[in-house]
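Please examine the sequence and the structure shown here. The briefing that accompanies them is arranged by topic.

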2 protein chains.
Amino acid sequence: MPTISKKGNNIPPSPIRKLVPFADQAKKKGVEILHLNIGQPDIKSPVESLDAIRNIDLDLLKYEYSQGSYDFRNNLCSYYSGHNIYIKPDDIITTVGASEALSFTMNSICDPGDEVIIPEPFYANYNGFAQASDVKVIPITSKIEDNFSLPSIESFEDKINIKTKAIIICNPCNPTGYVYSKDEIIKIAKLAKKHDLFIVVDEVYREFIYTNLKHFSILEDERFYDHAILIDSTSKRYSLCGARIGFIVSKNSEFIETCLKFALTRLSPPTLALIAANEALNSDKNYIKNVITEYSNRRKVLITELSKLQDIKYSDPMGAFYSIIKLPVKDAEEFAKFLLTDFSVDNESVMVSPASGFYSSKDNGHDEIRIAFVLNSDKLKRAINIINLGLKEFTS
Amino acid sequence: MPTISKKGNNIPPSPIRKLVPFADQAKKKGVEILHLNIGQPDIKSPVESLDAIRNIDLDLLKYEYSQGSYDFRNNLCSYYSGHNIYIKPDDIITTVGASEALSFTMNSICDPGDEVIIPEPFYANYNGFAQASDVKVIPITSKIEDNFSLPSIESFEDKINIKTKAIIICNPCNPTGYVYSKDEIIKIAKLAKKHDLFIVVDEVYREFIYTNLKHFSILEDERFYDHAILIDSTSKRYSLCGARIGFIVSKNSEFIETCLKFALTRLSPPTLALIAANEALNSDKNYIKNVITEYSNRRKVLITELSKLQDIKYSDPMGAFYSIIKLPVKDAEEFAKFLLTDFSVDNESVMVSPASGFYSSKDNGHDEIRIAFVLNSDKLKRAINIINLGLKEFTS
């Protein structure tokens with residue numbers, strides 16, 4: 001047999017995916033599964049986006065410009081100016097989701113064997129993109145006791161060497177819900193600048209903030225223009241996950257030109273998705289407001305319900321729509337499986353993500369799960385109750 | 001300034017892209033440009049695809065399964081069974097165009113420094129995908145005198161070493177228009193099998209055949225099931241270039257499982273595009289027939305017109321919609337630029353692709369261009385006439 005690549009073999013199997021067959025079996029048995037395992041919002045996409053699709057006046061789906069149409073990128077500039085981010089269309093490359101934005105970024109700044117530093121737990125697929133480019137992820141562990149705030153600058157500086165190319169953070173953070181303060185962003189950006197590294201900030205959850213904190217974008221501070229790379233997407237903000245429109249924004253033109261070369265090789269982002277994303281930008285301003293209000297309510301319900309549980313710790317989701325929960329179990333993956341195979345309440349159970357997949361250090365996260373509060377308050381209450389009762393049975 | 005990756009720097013700038021500013025300037029001066037430089041068909045997409053989009057009954061664009069929906073993959077199986085290819089949905093990974101199919105393939109079978117052998121001239125973006133994965137392309141030069149048929153098996157075997165992971169061919173071939181015979185396919189597949197290499201065949205132009213030859217797919221012969229990887233797409237067949245739906249097909253389940261890992265990291269192909277592609281599969285069977293008839297007529301016009309030109313050689317496009325033309329000039333890129341900046345006939349000129357970008361060997365192709373016969377017969381006639389008159393002026 002011909003051989004598979006080492007890097008292909010090295011991509012860890014997704015812990016969520018391992019659970020899918022058990023969820024399918026439960027569904028076959030008639031058990032309703034509440035999905036807290038994936039950041040797929042249940043909120044409707046903007047009606048303007050879907051109407052634009054229904055009204056397309058095209059008889060031929062042509063290639064789009066590799067970097068996305070000028071109109072779309074120009075429209076994005078208006079969106080960003082409402083967030084104190086002042087850019088021009090040439091600072092943007094439109095991508096197939098934030099996923100492709102991260103792949104192009106890795107490829108544009110790293111060669112095989114190079115390193116990127118990421119505070120863990122982090123969005124699990126960063127591992128996959130790094131693996132695909134043979135880039136080594138150097139984790140700095142953030143702690144649930146500190147609500148997963150930024151680890152000390154010294155702990156980052158300790159890991160910087162000749163192979164280090166970038167520091168990557170996600171703000172607000174998937175999977176912890178932590179929102180980095182302006183102070184934290186500036187500190188880490190200064191460190192990157194000092195060592196001439198890129199500072200890559202994934203800001204796809206920019207608007208999802210539930211405290212008095214104001215989101216501070218890496219591109220609000222001109223001092224970091226040469227070093228800052230912003231990763232963004234319409235997926236969460238506009239409930240357009242299936243559209244697959246993301247973007248890379250940077251004032252570093254050499255970096256953007258390199259990303260464009262990678263973008264040219266794959267020709268074009270998806271045309272129809274771009275129409276939907278463009279109309280989302282033009283949609284009623286109350287849309288996002290209402291979305292945030294809804295998530296804010298869900299967060300309150302979540303915290304109220306979680307606070308009733310004994311022997312757990314959880315991160316306060318200040319932003320995004322995730323929380324990490326530390327359970328009184330040895331193996332959270334086993335517990336997640338148990339919920340699907342051996343437990344239900346009124347014929348309902350819950351699917352959660354084992355958190356070990358969000359850590360790069362092998363020993364971390366095995367007693368933690370990540371939940372996404374993407375369900376309405378009623379379902380969320382029932383889900384936390386199921387986790388509570390499930391825990392009692394599992395640990396007894 | 002932080003540094004850009006070597007591989008990013010090494011991606012050659014697209015020769016077509018270098019010409020774009022000159023085309024834009026010409027258009028600004030009021031000169032109409034006939035685009036023979038890109039494989040963007042002018043033929044309408046299937047009405048069923050666009051109607052399905054206009055009638056979408058969705059209020060939320062959710063993630064699709066990473067490998068594409070079961071229904072779509074099942075529908076593809078029916079399509080393939082009409083081409084003597086018998087596969088099951090699990091043999092398919094849906095991708096963002098054939099581009100992503102090739103990226104996943106490179107990543108699944110090659111580590112940095114590994115080699116793939118490709119007869120040149122080849123589709124220029126193969127270079128980009130290889131570069132992104134730090135894979136070395138080993139070219140075997142095919143010759144216009146042989147109509148770009150398969151170079152000798154010995155010339156391939158000479159290049160095989162411990163780092164060789166695959167042989168990649170495109171059938172029918174972009175950019176030469178050559179259609180490999182069953183005999184050639186079997187010979188090269190046997191060689192791959194003998195050395196336990198993958199044989200990757202890009203068959204996106206499967207139906208585009210204008211001679212009595214029957215297309216022979218790598219997956220028609222069970223002997224090569226372990227080694228064969230088929231790259232495919234709906235882009236050309238259904239004039240759905242902007243949809244961005246491609247697929248990887250293989251009976252090698254270890255390979256498909258590895259591709260799936262890469263697919264999972266980027267979550268989902270574009271949902272709307274998948275709807276359009278699925279309906280294209282269900283569209284009126286006369287659609288493809290009519291498309292091929294139209295291209296067949298264009299090919300006749302092209303050959304008639306090219307045969308009037310002096311001092312050129314051209315490849316007979318037996319399939320796909322491209323031909324390589326060898327010109328009596330030293331630098332075809334200069335000639336392509338000249339057509340845009342200094343030449344027009346009745347206020348019309350032509351944009352062509354310098355062919356050097358389709359070669360991996362530095363010295364090859366500098367006196368050649370590739371043209372895509374994606375325009376109607378009238379425009380095609382005018383375009384070849386412009387090239388003819390332009391050549392006379394350029395060489396005088």
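The model is predicted. Its largest nonpolar core has 246 residues, and the contact between the chains takes 65 residues from chain B and 65 residues from chain A.

**Nonpolar core**

- In soluble globular proteins, nonpolar side chains tend to be buried together.
- Within the largest nonpolar core, the residues with the most contacts are Ile199(A), Ala276(A), Ile199(B) and Ala276(B).
- Leaving aside residues up to four places away in sequence, Ala276(B) touches Leu61(A) and Leu272(A) in chain A. In chain B, Ala276(B) touches Ser49(B), Ala52(B), Ile53(B), Leu240(B) and Ala243(B).

**Helix H10 of chain A**

- Helix H10 of chain A spans residues 271-281 and is mostly covered, with 10 of its 11 residues buried.
- Among the buried residues of H10(A) are Leu272(A) and Ala276(A); Leu272(A) is one of the residues that Ala276(B) touches, and Ala276(A) is among those with the most contacts inside the largest nonpolar core.
- The buried set of H10(A) also includes Thr271(A), Asn278(A) and Glu279(A).
- The cover over these buried residues comes from both chains: it includes helix H3 (47-54), helix H4 (70-81) and strand E2 (92-95) of chain A, together with H3 and H10 of chain B.

**Helix H6 of chain A**

- Helix H6 of chain A, residues 125-132, is mostly covered, and 8 of its 8 residues are buried.
- Its buried residues include Asn125(A), Tyr126(A), Asn127(A), Phe129(A) and Gln131(A).
- Asp134(A) follows H6(A) and has a positive phi, near 55°.

**Contact between the chains**

- The contact takes 65 residues from each of chain B and chain A.
- On the side of chain B that touches chain A, the elements giving two or more residues are helices H1 (6-10), H3 (47-54), H5 (97-109), H6 (125-132), H9 (253-265) and H10 (271-281) of chain B.
- H9(B) gives the most to this side, with 7 residues.
- By class, this side of chain B has 30 nonpolar, 18 polar and 17 charged residues.

**A sheet in chain A**

- An open sheet of 4 strands in chain A has the order E9-E10-E13-E12, with antiparallel pairing.
- Its edge strands are E9 (313-314) and E12 (353-354) of chain A, each pairing on one side only.
- Strand E10 (residues 322-326) and strand E13 (residues 368-372) of chain A pair over 5 bridges in the antiparallel sense.
- Ile324(A) stands opposite Arg370(A) in E13(A).

Key:
Residues are numbered from 1 along each chain as its sequence is written. Chains are lettered from A and ligands numbered from 1 in the order in which they are written. This is a predicted model: local features need pLDDT of at least 70, side-chain atom pairs count only at pLDDT 80 or more; totals for chains, interfaces and linings use all residues. A nonpolar core is a set of buried Ala, Val, Leu, Ile, Met, Phe, Trp, Tyr and Cys residues joined through C-beta atoms within 7 Å. A residue is buried if 20 or more other C-beta atoms lie within 10 Å of its own, exposed if 12 or fewer, and partly exposed in between; C-beta atoms are placed from the backbone. Two residues are in contact if their C-beta atoms, placed from the backbone, lie within 7 Å. Two strands pair if DSSP finds at least two bridges between them. Ala, Val, Leu, Ile, Met, Phe, Trp, Tyr, Cys and Pro count as nonpolar, Asp, Glu, Lys and Arg as charged, and the others, Gly among them, as polar.
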